Amino acid sequence: MTDGHKIIEMEVLRYRPEQDQEPFYQSYEVPFLDDWSVLQGLQYIKDDLDSTLSFRWSCRMAICGSCGMMIDGVPSLGCRTFLRNYHPGKLRVAALEHFPIERDLVVVVDDFMNKLTQIKPYLIPKQVRRLDQGEYLQTPQQHEQYRQFSTCINCMLCYAACPQYGMNSDFTGPGILALMHRYNADSRDGGRAQRMELGHADEGVWGCTAVGYCSEVCPKDVDPAHAINQNKMGSAIDYFLRFVRPRGASK
Amino acid sequence: MSAQTDKRKPYLRPIRGWWKRDSYYIRYLAMEATSILIALYALILLFGLLRLGQGEAAFNGWLETLRSPLSVGLHSLLLLVFAYHSYSWFKVMPKTLPAIYWRGAKLPQPMITRIGVAAAVTINLLVIVVLAGMQS
Amino acid sequence: MKRSNEPVFWALFGAGGMLSALTGVALVFVTGIGVPLALLLSPELMSYPNMLAFAQHWFGKLVIFSVIALFLWHATLRILLLLHDFGIRAGPASALIGNGLALLCTLAAAYLLLALGF
């Protein structure tokens, strides 16, 4: 097994709620090949060294969003981060920051899941089309307006990056606000007013202080910072003009 | 409630000192901290305005203080701070704007920054040049 | 959900940020280095008669008021955010004091400018 393999030390943050009072780091010597991801390292640990290690994973190709974790303090996808970049030496692997740790590298994502539904992440058509009227049509330029923000894989790295969410989990957070923008910016959609009830609040776009680290760590280049902050102008204009605008024109 | 769920005890790590965790955060806070010196400059001007209202002697006193090495040194520092502010302001600005299209293509954010910084350099120079032209 | 009142402060922050980004360097140079050291600029530029005339003119009033007030409002939001980021949780009290001070200075600037007459 170790032929051609180099060795790296992986320090993994452990936490077993039934026996631990608080998390602690446990070291493992992991043999690896050049193309091994951190996820593969964790799988080696679970298969060969310590079957009690718990972590989420699925596609191992950066599309399912399951393997988000802190790797040397940076929110990263385990499947897209490579052991060779930390060798020689060691790397620290910990559960995604700003979320409660359920067990080892598994975090409680209930807050994220609940917030997901709050922003109505589905098309609320401006004009509902019957089946016989055919598809909702959209030009490539209209598609471009929101395409980038539709590539989110819900990996929550941006939540681990966002200090405002870390300090106050009432804040809706980068990923979900970017998704809100994705629908608002879709030419087929007419639900902006409904979504901006949350968007106009402190829990909405105004909870963001433009730190921008969320966009730095996003594995899909969604740029949530851009999604959120470009809505501040609109929200501010709406704030000042709301008394002179006709009812229902809230943008 | 089964025995299984009773064993759940989610652990929330403390958020204190979050900014120490990555150099990105420290750079962000340094950028925000420049605003303290922006406020200081505004207060210096406000004080000058106060002195202006108190008459010629008082105002000349304020001018005299501006000539002191301490003041010139401080303003040299302020110069750097404001220059950094101009740069960092336009670095963040593209995030606050919707995507801008130029001849069919989306304008990249670094390009918007460069345009903004160019505008800042131009306008700042213009102000100095115009005032330099006033010899009295 | 309750609408945020942040847009008021954000608009002031934005205006002050843009103004200081476009003119800050020039203003600091002129008032703090150029005129005091007679570098590129005539020291007479900021003489009492000149500055009084400028401050009495409606345009001068506008410039002086905008610079002082907007620079301060820009800084206020950022400083309050800094406090929040460092975990100094003074809550509504800090916002009240911070914005209160900015408002005080704004009113002081307006008063001083009006007191100089036209």
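Mentor: Start with pairing: two strands pair if DSSP finds at least two bridges between them. Helices (H or I, at least four residues) and strands (E, at least two) are DSSP runs, numbered from the N terminus. The model is predicted: local features need pLDDT of at least 70, side-chain atom pairs count only at pLDDT 80 or more, and totals for chains, interfaces and linings use all residues. Residues are numbered from 1 along each chain as its sequence is written, and chains are lettered from A and ligands numbered from 1 in the order in which they are written.

Trainee: What makes β3(A) and β4(A) a pair?

Mentor: DSSP must find at least two bridges. β3(A) (residues 68–71) and β4(A) (residues 74–77) have 4 bridges, in the antiparallel sense. A:M69 stands opposite A:S76.

Trainee: What makes both faces of β3(A) covered?

Mentor: A:G68 and A:M70 on one side are buried, and so are A:M69 and A:I71 on the other. Buried means 20 or more other C-beta atoms within 10 Å of the residue's own; exposed means 12 or fewer, and partly exposed is in between, with C-beta atoms placed from the backbone.

Trainee: Why is A:Y28 called partly exposed?

Mentor: A:Y28 has 19 C-beta neighbours inside 10 Å. Buried needs 20 or more and exposed 12 or fewer, so 19 falls in between. A:Y28 lies in β2(A) (residues 24–32).

Trainee: Which residues does A:Y28 contact beyond four places in sequence?

Mentor: A:M10, A:V12, A:I45, A:L49 and A:D50. Contact means C-beta atoms, placed from the backbone, within 7 Å.

Trainee: Why is α1(C) called oblique to α3(C)?

Mentor: The axes of α1(C) (residues 6–34) and α3(C) (residues 58–85) cross at roughly 120°. Axes are lines fitted to C-alpha atoms, for helices over the stretch in contact, and angles run from 0 to 180 degrees between N-to-C directions. Under 35 degrees is roughly parallel, over 145 roughly antiparallel, 65 to 115 roughly perpendicular, and the rest oblique. Roughly 120° belongs to the rest, so α1(C) is oblique to α3(C).

Conventions: Two residues are in contact if their C-beta atoms, placed from the backbone, lie within 7 Å.
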